Structures are given as C-alpha cells and as structure tokens.
Amino acid sequence: MYQVTLDETAVDQFLKETRDLTEQRLSYVPYLRSIAAERLQNIVGDAFAQRICEIINDRESGGFTLRPGRPLESIDQQVVLGTAVSHLIGLPNFDDMTQNFYACFTVKDTDESDSYLRQAYRRFTLHTDGTYVTEPTDWILMMKMEEQHAQGGDSLLLHLDDWEDLDKFTADPIGSVPLTYRSPPSKNYPVDVKKPTFHERDGRPCMSFIDQFVYPDTIEQARYLRDLCDSMEHSASIISLPLPTDHMVVLNNHFWLHGREAFEKHPDLHRMLMRQRGYFRGG
C-alpha cells in the first residue's frame with residue numbers, strides 16, 4: 001500500500017482556494033464537489049490525479065493512505081479535502097442512510113444501532129462495502145475526523161491476493177451462487193439484492209461480502225459463509241493500520257476487505273469517521 005503526502009504549502013493553497021466550499025454547499029450543490037477536485041488538481045498537478053488513479057486500479061496495490069502536510073482546522077476543511085480526493089478517483093454513490101454523498105459515523109461508549117458499525121467494543125469483521133445496494137461500489141475512502149480517549153480501533157485490511165484460502169473458497173461452487181443481501185432499517189435501503197460472493201474483473205477474482213447482511217438459502221451455504229469468514233478473520237496477512245486524525249485511506253473495493261479492531265473500554269470514547277464510496281468515472 002502506498003503512502004501519499006500533500007505538502008503544507010499545497011494544503012494551505014488548497015484550503016485558501018476552497019474556503020467558499022463549505023460542507024453545506026458541497027452537500028447542496030453537486031457540481032461543486034468536482035470543482036473542489038479541479039482546484040486540488042490545479043495546485044498539485046495533473047500527475048497527482050493520474051498517479052492516485054493508477055494506484056487504486058493496480059491489482060498489486062489498489063490502495064493508499066493520504067496525509068495532509070498540516071492539521072486541518074474544521075469539518076468543512078476535512079470534508080472538502082476528502083471530497084476533492086474522491087472526485088479525482090470517481091463519483092460517490094448517494095448514501096441512503098445519511099441522504100447525502102458522504103456519511104459520518106461516530107463511535108462512542110454506548111450504542112443502540114442495529115449493526116456492528118458503531119459498536120466500539122467488538123471487532124468489526126472484514127467485509128467489502130456496497131453489498132446491499134445495486135449501484136457499483138468500486139472504491140471506498142475513509143477519513144478520521146475526530147478522536148478522543150481512543151485506544152485500539154485500528155483499521156483491519158486484507159488484500160484478497162494475500163488471503164491464504166482464496167483458491168479454496170473461489171473453487172467452491174457456492175462462491176458463484178447469487179445470495180440475498182438485505183440491510184437493517186437504519187440503512188434506509190429496503191431492497192433485497194442478489195450477489196455472488198466472488199466475481200471476476202479482468203480475469204481476477206473479486207469479492208462482495210459482509211457477514212451481517214447476507215441471507216443464505218441453505219444450511220450448506222451458511223456453513224460456507226461461516227468457514228469463509230473464519231478463514232479471513234484468522235488470516236496471517238491482515239494489516240492493522242493506525243489512521244491518525246485528518247488522514248484517509250482509499251481502497252479498491254473489489255479486492256480489499258476492511259474491518260476494525262475493538263476499542264478499549266472508556267466512558268468518554270469518541271471517534272468520528274467520514275466515508276465516501278462510489279464508482280470510477282466512465283464505469
């Protein structure tokens with residue numbers, strides 16, 4: 001995985017040129033999101049956009065972290081920088097849960113949600129995004145926005161090609177059977193979607209999977225999914241990635257799986273993460 005740094009001068013200039021692009025304006029006026037991307041590209045050069053697109057499409061890597069060369073001072077600045085990067089790669093899907101082009105998730109000591117996303121003290125198992133939607137989900141961007149009293153909770157990443165049991169599970173016929181994905185009420189997406197666990201892109205295996213939202217039709221399918229999940233969760237190739245505030249990680253969603261380690265218990269735990277996910281331009 002690559003590490004990308006935007007130097008302080010470039011970030012200063014970008015924030016100066018986008019101070020009119022507040023989070024609210026980006027939410028209300030879709031074309032301004034691409035204007036943010038254009039302003040970043042004009043500052044850092046066309047080669048930057050070309051390079052990060054090459055990285056995210058390269059099967060040998062398919063992911064990078066990005067660090068701004070100076071701290072960001074507000075949610076407006078974080079959203080505009082994340083949005084500029086995402087729109088150099090592609091276009092975000094509409095997020096039904098938040099009714100916006102991005103989502104922010106807060107993890108804290110207590111939780112009453114209907115999925116593992118906000119449950120701080122349990123491991124969030126490896127998965128791909130977009131399993132329960134019909135839109136293509138080629139990439140995902142996650143940016144840490146705020147954090148206090150947070151120990152643990154590092155991102156967990158697994159590249160499909162590094163998974164020791166990939167051949168075993170792709171060879172099983174169940175891996176190509178379309179299975180039903182159904183999201184909980186909080187996602188605001190009351191549609192059943194059928195997807196196979198494995199599919200091919202450019203002749204290479206790719207994956208769609210999350211244990212919480214898949215509804216197998218048979219006990220045999222359930223055993224397959226249980227064994228698949230157990231195998232991934234115990235893979236020696238899992239990367240534990242600490243992500244500092246203002247940093248982001250961008251992954252190709254077809255062959256990178258992601259999750260999260262459990263946090264250590266603290267009554268004042270607080271972490272906020274921004275997510276954007278979407279499709280490649282022209283895809």
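Trainee: Why is H149 called partly exposed?

Mentor: In this predicted model, H149 has a relative accessible area of 46%, and since buried means under 20% and exposed means over 50%, a value of 46% belongs in between, which means that H149 is called partly exposed. H149 sits in the loop that links β6 (139-148) to β7 (155-159), and its phi is near 55°, a positive value in a residue other than glycine.

Trainee: What makes Q99 exposed?

Mentor: The relative accessible area of Q99 is 51%, and because the limit for exposed is over 50%, Q99 counts as exposed. Q99 belongs to the loop between β3 (90-92) and β4 (103-108), and although Q99 is not a glycine, its phi is positive, at about 55°.

Trainee: Why is G69 called partly exposed?

Mentor: With a relative accessible area of 27%, G69 falls between the limits of 20% and 50%, and therefore the name partly exposed applies to G69. G69 is found in the loop between β2 (63-68) and α5, where, apart from neighbours within four places in sequence, G69 is in contact with L6, D7, E8 and V11.

Trainee: How many disulfides are there by the rule for cysteine sulfur atoms?

Mentor: The count comes to zero.

Trainee: What describes the packing of two helices, and which values do α1 and α3 have?

Mentor: Two packed helices are described by the angle and the distance between their axes. For helix α1 (residues 8-17) and helix α3 (residues 31-44), the axes come within 10 Å and cross at roughly 145°, and the crossing is right-handed. On the α1 side the contact has A10, Q13, F14 and E17, which meet A36, R39, L40, I43 and V44 of α3; sorted by class, this contact has six nonpolar, one polar and two charged residues.

Trainee: Which residues touch the most other members of the largest nonpolar core?

Mentor: That core has 37 residues, and those that touch the most other members are L40, F48, F64, L66, V85, I89 and L141. Helix α5 (residues 75-89) gives the core its largest share, seven residues. Taking I89 as an example, and not counting residues up to four places away in sequence, I89 touches I52, C53, I56, F64, W139, V250, F280 and R281. There is also a second, separate core of 35 residues, which includes L160, L241, V249 and F255. In soluble globular proteins, nonpolar side chains tend to be buried together.

How values were computed: Residues are numbered from 1 along each chain as its sequence is written. This is a predicted model: local features need pLDDT of at least 70, side-chain atom pairs count only at pLDDT 80 or more; totals for chains, interfaces and linings use all residues. Side-chain values use heavy atoms; hydrogens and water are left out. Axes are lines fitted to C-alpha atoms, for helices over the stretch in contact, and angles run from 0 to 180 degrees between N-to-C directions. Helices (H or I, at least four residues) and strands (E, at least two) are DSSP runs, numbered from the N terminus. A crossing is left-handed if the near helix is turned anticlockwise from the far one by less than a right angle, and right-handed if clockwise. Contact means heavy atoms within 4.5 Å. Ala, Val, Leu, Ile, Met, Phe, Trp, Tyr, Cys and Pro count as nonpolar, Asp, Glu, Lys and Arg as charged, and the others, Gly among them, as polar. A nonpolar core is a set of buried Ala, Val, Leu, Ile, Met, Phe, Trp, Tyr and Cys residues joined through side-chain atoms within 4.5 Å. Buried means under 20% relative accessible area, exposed over 50%, partly exposed in between (1.4 Å probe, protein chains only). A disulfide is a pair of cysteine sulfur atoms within 2.5 Å.
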